[in-house]
Amino acid sequence: MQGMITYLRELQLNLMLILSGICIMQAVFVYVTKILSKSRKRALIILELSSAMLLFFDRYAYIYRGNTSELGYYMVRISNFFVYFFTLAVIYGFNMYMKDLYVYEADMKKLPGRFKLCDICSVIGVILIFVSQFTDLYYTFDSTNHYQRTGGFFISFIIPLFILAIDLSIIIQYSKGLRIRLRWSLFLFALVPFLISLLQVFAYGFSLINITLAVFTILLYILAFIDLNDTADKANRMELDLLREEQKHTKLLFEQTAQALASAIDAKDKYTHGHSTRVAEYSEKIARAAGWDDEMCEEVYYSALLHDVGKIGIPDHIINKEGKLTDEEFAVIKTHPTIGNQILSSIVRSPYLSIGAHFHHERYDGHGYPDHLKGEDIPAIARIIAVADAYDAMTSKRSYRDPIPQDKVREEFVKGMDSQFDPEFAKIMLHLIDLDTEYEMKEKEEIKEFGGRNSVEYEEYRSEISEGILVNPHITKIYMRSKIRDGHEDAVYVPSIVLFDSLDGRVYYDDNKKKDLLYYEYAEIRFDGKYVCRGARKIEATVEKHRDFSEKDWIRAHKEGVFYDIEGVRKKDHALIRIKSHLQTLEFIIALPDSARFAYIGLTGEYCEIDRVEINKEKEEIPDGYIRRIAEEVTYINGPEGDIPNVQIDGWRSMASEGIEVSDDMDVTFHSMSLPTARLVWHCPYISIYYSDDGKINGPGFREFVLIRPDGENWESDDKVKIRIMVNMDNDFGGWDEWKQKNKEGLDYTFSLKREGNKIKVSTVNLGLQVVSVTEIMDDTVDKLYLALTGDQVALTDIRVHRK
C-alpha cells in the first residue's frame with residue numbers, strides 16, 4: 001500500500017508539471033489572440049497563469065518537503081505560501097471571467113452585488129494568508145521541515161468554498177442569459193472544485209483541488225474557444241475570417257500541446273528521442289497507403305504521437321535501466337498501455353487518442369498485452385501503430401544495440417506477418433521499405449550533418465568519422481570550413497573523406513561488425529590531393545591550383561580556416577568527388593567494383609576542426625557521360641538477347657525492361673541471374689502489370705496495377721484492383737538459402753499470362769515454388785495492358801515473348 005501511495009505521489013508531480021505547462025501555453029495563446037475583449041483576455045490570462053503558478057509551487061512544496069537544508073527550509077515555506085495565495089488568485093480570475101461573460105454575453109446592465117462580496121472575501125483570504133505566516137493560523141512546520149495543519153486550517157478552506165458557493169448561486173440564478181456551452185463551463189468550474197474541496201480535507205498529501213482547478217481552467221479555455229467557433233457561423237465574412245484564424249491558433253495549440261507532451265514522454269528515456277514523432281509519421285504513411293482519408297490519417301497521426309503517454313506513470317529508473325529488466329520491472333512496463341488509456345480516455349471529444357495508447361502492444365495472434373486481443377478485434381489504428389512502433393524500435397539505437405539494418409528489419413516483418421502484425425499493414429510497411437532506397441526512414445543520429453553540433457574536432461587520423469552521406473545520381477553538395485586545431489600547427493594536418501558502403505551508412509573497424517553490416521571501403525581521399533585506393537578498381541585524380549602556395553601557406557590558410565565546396569555524385573559503377581577551395585580544385589574519379597553497392601561519404605581528418613557544415617542535394621539526376629569513364633562498365637547482361645533488350649537492375653526497381661503488350665494467352669521467358677552483391681530473398685526478378693499512354697514504365701498516364709515476385713510477394717499499386725495470390729511449396733522446394741543460391745547461379749524463368757477482359761492470371765513455377773496471382777481491374781476504361789520485367793540486384797537476358 002505504501003508503494004502505491006509513493007507511486008501516486010510521483011505520478012501527481014509529473015501531472016502537475018504537464019498541466020502547468022499547458023496553462024502557460026494557453027495564456028500565451030490568449031495574449032496573442034485578436035478576437036477576445038481586453039477584459040476577457042485579462043481574466044483568462046490571470047486564470048491560466050494563476051493555475052500554472054499554483055501547480056508550480058505545489059510541486060516544489062512536495063519536492064522540498066522534509067528537506068532540512070537551508071534551501072529546503074525556505075523553499076517549503078515560500079511554496080506553501082504561494083499555494084494558498086494562488087488558490088485564491090485562480091478563483092479571483094474565475095470571478096473576473098464570469099463578470100465579463102455576464103456583461104458582454106448575457107448583456108447584464110448591472111452585476112449582482114454578490115460579485116462584490118466575492119471580491120471582499122478574496123481580499124480577506126489574502127490578508128489571512130499573510131497573517132498565518134506570523135501566527136501559524138493555517139499551518140506550521142515540524143523539526144524535519146514537514147508541513148503540518150493547525151487548528152485554523154479549516155478557515156483556509158471555508159473562504160474559497162464560500163466564494164464558489166456564491167458563484168454557483170449566481171450561475172444558477174442567471175444561467176439563461178448565457179449560451180449552453182458557456183453556462184456549463186461556468187457551472188462545472190464552480191461545482192466540481194467545490195465538491196473536490198470537501199474531499200481534500202481528508203485526502204492529506206494529495207493535491208486534488210489544485211489539479212482539479214488546473215484541469216477545469218484548461219477546460220474553460222477550450223470551451224470558450226469552441227463557443228467562439230460556434231458564434232463564427234453567425235458572423236459576417238470578415239468576422240468569419242478572423243474566427244478561422246483563431247481556429248488555427250486552437251489547432252496549433254492542440255498540435256503543440258500534443259507534441260510537447262510527446263517530447264516530454266520521449267525525454268524520460270534517453271534512447272527514444274523523437275520516437276513518438278517518427279512513429280506518428282510512419283503510421284500516417286501506412287494509413288495513406290491503405291487508402292484512408294485525410295481525417296482518418298490525422299487521427300492515426302495524433303493517436304500514434306501519444307501512444308506512449310502511459311510511460312509518464314513508469315518510474316525513470318525502470319525506463320532508463322541499462323541491463324535486462326527483471327520480471328517485476330517488465331510487469332511495471334506492461335502497465336503503460338493501461339495508464340495511457342486512463343489518461344487519454346478522458347478526452348471525450350477525441351476518443352481515437354486513447355486507442356493507440358491502449359492497444360499498440362496487442363499482437364495479431366492474440367499474444368500481446370494488456371487485453372490479449374486478436375486479429376481484427378484490435379482497432380485498426382492500433383494495428384497500424386504496432387507496425388510503425390516496431391519499425392522505429394528496430395531502426396533506432398538502443399542501450400544494448402545499434403540500429404538494425406533496414407533489410408534485416410524487412411525480414412523481421414516478413415516473419416511477423418499474421419503473428420505479431422496485421423498482414424495488410426505489415427505488407428504496406430514492406431512496400432514503404434522497398435520504396436525507401438536511401439534509408440531515410442530511421443532515427444537521425446547526432447552526427448548526421450554533425451546533427452546540431454555543426455562542428456567536430458579530430459585528433460588522430462580517423463579518430464571520428466561522420467555518419468555516411470549518400471552519393472547517388474543526384475549531385476550532393478557539402479559546404480564546410482576546416483581549420484587546424486590550436487596547438488597542432490606543427491603536426492600533419494589534413495581533412496579527408498572516406499568513401500565506403502555498409503548496410504547502415506556507418507564506418508566500422510571491428511571485423512564482426514564489418515561482416516554483419518557488409519562494410520566495404522572504396523577509398524580514402526585527402527584534401528591535399530593524395531588518396532588511398534582500397535576496394536575501388538581504379539582512381540584518377542587531377543589537381544588544379546588556383547595559385548602557387550607552399551606548405552607554410554597551406555598551414556597559414558588553415559589556421560585561419562579554409563572554406564570547401566565538395567560535390568559528390570555517382571552514376572552506375574563510377575563516382576566523382578570534386579573538392580574546391582580558394583587554393584585549389586581537386587577532382588577524383590573512382591571506378592567502383594560494381595553498380596549495386598551504395599556509396600557513402602564520411603568526413604574525417606587529422607588534428608583539425610570541421611564546422612559550418614551544410615548539405616544539399618540537387619533534384620535532377622546527372623546525364624549519362626557526366627562522369628568520365630576510366631574503366632570498363634561492370635555488366636552482367638552480355639549474354640544472348642531475345643525479343644527485347646537485356647536489362648540489368650542494380651537496385652530496387654532502378655531499371656525495367658521495355659514494355660510488352662499483354663495478350664489473352666502468352667508466356668514470357670528469360671534468363672535471370674542475381675548479381676554477386678545479392679544476398680536477400682527478394683533479390684530476384686519482378687513482373688509489373690501496368691498501363692501508360694506510350695507503353696513504357698513511368699510513361700504518361702502510368703498506372704501500375706500489380707507487382708508480382710516469384711518468391712510469392714505481390715503489391716497492388718492501384719486502388720481499383722482486387723488481387724488473389726496463391727503460393728504453394730512442393731517437395732522440390734529446398735528452402736530460402738537454396739533459393740538465393742540458385743538465383744545467383746542463374747535460372748530460366750517462365751511467366752504464363754492469361755487475360756479475360758480485365759482479369760489477368762499470372763503463374764510461374766520455380767525451384768518447387770508455385771505462385772499464381774489473379775488480378776481483377778475494376779475500371780472499364782482500361783483497355784490495353786502492358787507488362788515489364790524489373791527486380792532488385794538482378795540481370796535479365798534472353799527475354800522472349802511467346803503468344804499463343
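**Close-up views of a predicted model**

**View 1. Strand 19 and strand 20 lie side by side in an antiparallel pair.** Strand 19 (residues 703-708) is joined to strand 20 by two bridges, and the two strands run antiparallel; strands here are DSSP runs (E, at least two residues), helices are DSSP runs as well (H or I, at least four residues), and both are numbered from the N terminus. Two strands are said to pair if DSSP finds at least two bridges between them. Ile708 has its bridge partner in strand 20, namely Asn714. The model is predicted, so local features need pLDDT of at least 70 and side-chain atom pairs count only at pLDDT 80 or more, while totals for chains, interfaces and linings use all residues. Residues are numbered from 1 along each chain as its sequence is written, and side-chain values use heavy atoms, with hydrogens and water left out.

**View 2. A nonpolar patch lies on the surface.** The patch is formed by Ile24, Val28, Tyr31, Val32 and Leu49, which together have about 450 Å² of accessible area, a value that comes from the Shrake-Rupley method with a 1.4 Å probe, where for residues only the protein chains shown count as cover. Patches are made of residues with over 30% relative accessible area and no salt bridge, with like charges joined within 9 Å and nonpolar side chains (Val, Leu, Ile, Met, Phe, Trp, Tyr) within 5 Å; a salt bridge is a side-chain nitrogen of Lys or Arg within 4 Å of a carboxyl oxygen of Asp or Glu. Helix 1 (residues 2-32) gives the largest share of the patch, four residues. Tyr31 is found in helix 1 and counts as exposed because its relative accessibility is 59%, where buried means under 20% relative accessible area, exposed over 50%, and partly exposed in between (1.4 Å probe, protein chains only).

**View 3. Lys572 has a positive phi although it is not a glycine.** Its phi is about 55°, and Lys572 is found in the loop between strand 10 (562-571) and strand 11 (574-580). At 40% relative accessibility, Lys572 counts as partly exposed.

**View 4. The peptide bond from Tyr369 to Pro370 is cis.** Omega is near 10° for this bond, and Pro370 is found in the loop between helix 14 (352-359) and helix 15 (380-395).
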